[in-house]
Amino acid sequence: MSSRNTTGKIERGICELYADDPERADALVFGRRVDKNRRGFLKSTGLAAMAAAVGAVIPYQRNMPGGLIPAALAETTDAFVIEGKDGLTVLNDRPINAETPAHLLDDDVTPIDRHFIRNNGHPPQSVDTKTWMLEIDGEVDTPLRLTIDQLREQFEVVSLKLQLECDGNGRSSFNPPARGNQWSVGAIANSEWTGVRYADVLRAAGIKSTAVYTAQYGADTHLSGQPDKDSISRGMPIEKALDPHNLIAFEMNGKPIHPMNGAPLRVVAPGWPGSCSHKWLQRIRVRDVVHDGAKMTGTSYRVPKYPVAPGQKVPKEDFRIIESMPVKSLITWPQSGIELAAGTRKLGVRGHAWAGDYSVSKLDVSIDFGASWIDAKLDRAPNRYSWQRWQADIEFPVAGYYEVWARATDEQGNQQPFAIAWNPKGYLNNSLHRIALRIAA
Ligand SMILES: Nc1nc2c(c(=O)[nH]1)N[C@H]1C(S)=C(S)[C@@H](COP(=O)(O)O)O[C@H]1N2
Ligand SMILES: [Mo]
């Protein structure tokens with residue numbers, strides 16, 4: 001696997017090149033600077049290099065987004081190892097986006113090395129925990145400037161297990177496809193976060209009666225490199241901001257936060273789109289209007305106000321901001337594709353379920369493509385906003401190919417659908433999780 005430079009000389013492996021200098025790699029491999037969203041019009045040398053890298057022609061290569069590592073490479077190479085992460089599938093390395101295969105999410109508390117990464121920009125290169133400042137301003141009586149030590153000293157420190165899911169999780173199953181990171185099911189995690197309550201800090205600053213929405217800002221930089229542009233700046237309605245389960249966190253599983261997950265300080269706003277959980281947090285500005293920062297408007301993290309047909313065009317004014325995430329579940333054991341020994345008739349299966357602002361009240365499992373369902377044992381959450389463990393014992397009548405399907409129902413009666421409720425940007429896919437298994441004859 002190698003890329004050719006303009007003189008036709010074999011230079012270096014594509015993976016190595018991407019790891020060292022993705023910009024240059026794209027320019028070299030594709031013969032030009034690549035548009036952020038579309039590679040388009042590749043030079044034939046670039047095409048040949050990419051085809052050689054994946055071992056076959058790529059009929060639809062013109063649709064491949066810039067900076068996208070072909071899945072074939074992401075799966076077969078260890079050139080994209082992210083320090084402190086283990087077993088994640090890298091979807092993109094500019095910016096870094098990586099998800100966790102379902103069977104590696106089996107723990108009740110997601111280990112740091114298994115927590116997915118979703119970056120919109122370039123993370124800060126180096127951070128100093130001692131001098132890091134958090135500013136609270138806007139519609140408050142007393143603007144505050146606090147170090148992390150001051151946060152620890154002045155506010156109650158709490159630890160909570162909290163689900164954090166990217167709104168785009170499940171996008172890869174959209175048809176027609178939606179642009180953006182092609183997450184399968186692994187942009188979800190449930191780590192234990194330690195920090196102070198977001199609400200306590202806002203209250204300490206004194207929330208004015210004019211307060212409507214929060215606006216969050218962090219230290220990552222825009223992909224364009226322009227210093228005046230935010231990679232992302234989102235927030236929450238003041239009512240959600242005051243929920244005592246939102247944390248301004250400085251520890252993850254009792255350790256410093258992983259650099260890619262927002263060290264040294266981040267928001268964790270569980271149950272709502274992951275994009276509300278601002279990483280590398282430097283400032284919360286309380287606003288008297290709905291925040292209109294980067295990726296708050298247009299079609300970003302927004303869905304049509306009404307159901308739409310797959311592929312339907314929707315006018316921008318008909319989109320609403322995503323709030324609570326929908327009910328969902330994951331089968332974390334066994335791993336999809338497993339082959340069980342001949343004669344196997346019983347198997348324990350398990351996973352997690354979660355439902356945004358709500359709790360999960362029921363989990364059903366099917367092994368006959370949904371014709372019949374059995375009730376799984378469902379645990380209560382250790383704290384509100386943690387995902388819930390489920391477990392079921394299933395029996396197979398004969399040898400052969402089976403699919404295990406899991407379907408969660410929340411306390412309001414909302415149930416995971418079989419099919420995707422399509423929307424233009426590929427958000428909120430909560431269709432039921434299916435795994436495949438074979439019992440040898
Ligand atoms: N500063 C900053 N915060 C951010 C993002 C980002 O790109 N920059 N991505 C958001 C999105 S879209 C998600 S889903 C979560 C992902 O958190 P994680 O990378 O720790 O898994 O972080 C959110 N916070
Ligand atoms: Mo996200």
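Helices (H or I, at least four residues) and strands (E, at least two) are taken here as DSSP runs, numbered from the N terminus. The structure is a predicted model, in which local features need pLDDT of at least 70 and side-chain atom pairs count only at pLDDT 80 or more, while totals for chains, interfaces and linings use all residues. Residues are numbered from 1 along each chain as its sequence is written, chains are lettered from A and ligands numbered from 1 in the order in which they are written, and side-chain values use heavy atoms, with hydrogens and water left out.

We may begin with the whole protein. The protein holds 7 helices and 23 strands. Of its 441 residues, 52% are buried, where buried means under 20% relative accessible area, exposed over 50%, and partly exposed in between (1.4 Å probe, protein chains only).

Strand 23 spans residues 433-439 and is mostly covered, with 5 of its 7 residues buried. Two strands are said to pair if DSSP finds at least two bridges between them. Strand 16 (residues 338-340) runs parallel to strand 23 and is joined to it by 3 bridges; here Leu340 has Ile439 as its bridge partner. Strand 22 (residues 400-410) pairs with strand 23 in the antiparallel sense, over 7 bridges. Within that pairing, Tyr401 is partnered by Arg438 and Tyr402 by Leu437. In a regular strand the side chains alternate between the two faces of the sheet. These strands belong to an open sheet of 5 strands in the order 16-23-22-18-19, with mixed pairing. Its edges are strand 16 and strand 19 (374-375), each of which pairs on one side only.

Strand 1 (residues 89-93) and strand 2 (residues 96-99) are antiparallel and share 4 bridges, and a hairpin of 2 residues links strand 1 to strand 2. Asn92 stands opposite Asn97 of strand 2. Strand 2 is in turn joined by 2 bridges to strand 3 (residues 117-118), again in the antiparallel sense, with Ala98 opposite Ile117.

Some backbone details in the loops are worth a visit. Most residues other than glycine have a negative phi, and most peptide bonds are trans. Asn175 and Pro176 are joined by a cis peptide bond, with omega about -5°, and Pro176 lies in the loop between strand 6 (157-165) and strand 7 (188-197). A cis peptide bond also joins Ala263 and Pro264, with omega about 10°; Pro264 is found in the loop between strand 10 (255-256) and strand 11 (266-268). Asn253 has a positive phi, near 55°, and sits in the loop between strand 9 (247-252) and strand 10. Because its relative accessibility is 21%, Asn253 counts as partly exposed. Trp280 likewise has a positive phi, near 50°, and its place is in the loop between strand 11 and strand 12 (281-287). With a relative accessible area of 3%, Trp280 is buried.

Grid points are joined across faces, edges and corners, and a volume is the space filled by probe spheres set on the points. This rule gives 2 cavities of 30 Å³ or more. The largest cavity holds about 260 Å³ of space and is lined by 20 residues, of which Arg118, Arg266, Gly274, Ser277 and Lys279 lie nearest its centre. Ala, Val, Leu, Ile, Met, Phe, Trp, Tyr, Cys and Pro count as nonpolar, Asp, Glu, Lys and Arg as charged, and the others, Gly among them, as polar. On that basis the lining of the largest cavity divides into 7 nonpolar, 8 polar and 5 charged residues. The second largest cavity holds about 30 Å³, and its lining includes Glu165, Cys166, Met325 and Leu428.

Definitions and conventions: On a 1 Å grid over the protein atoms alone, a cavity is a set of points where a 1.4 Å probe fits but cannot get out, and a pocket is an open set with protein on both sides within 12 Å along at least five of seven lines; lining residues have an atom within 4 Å of a point.
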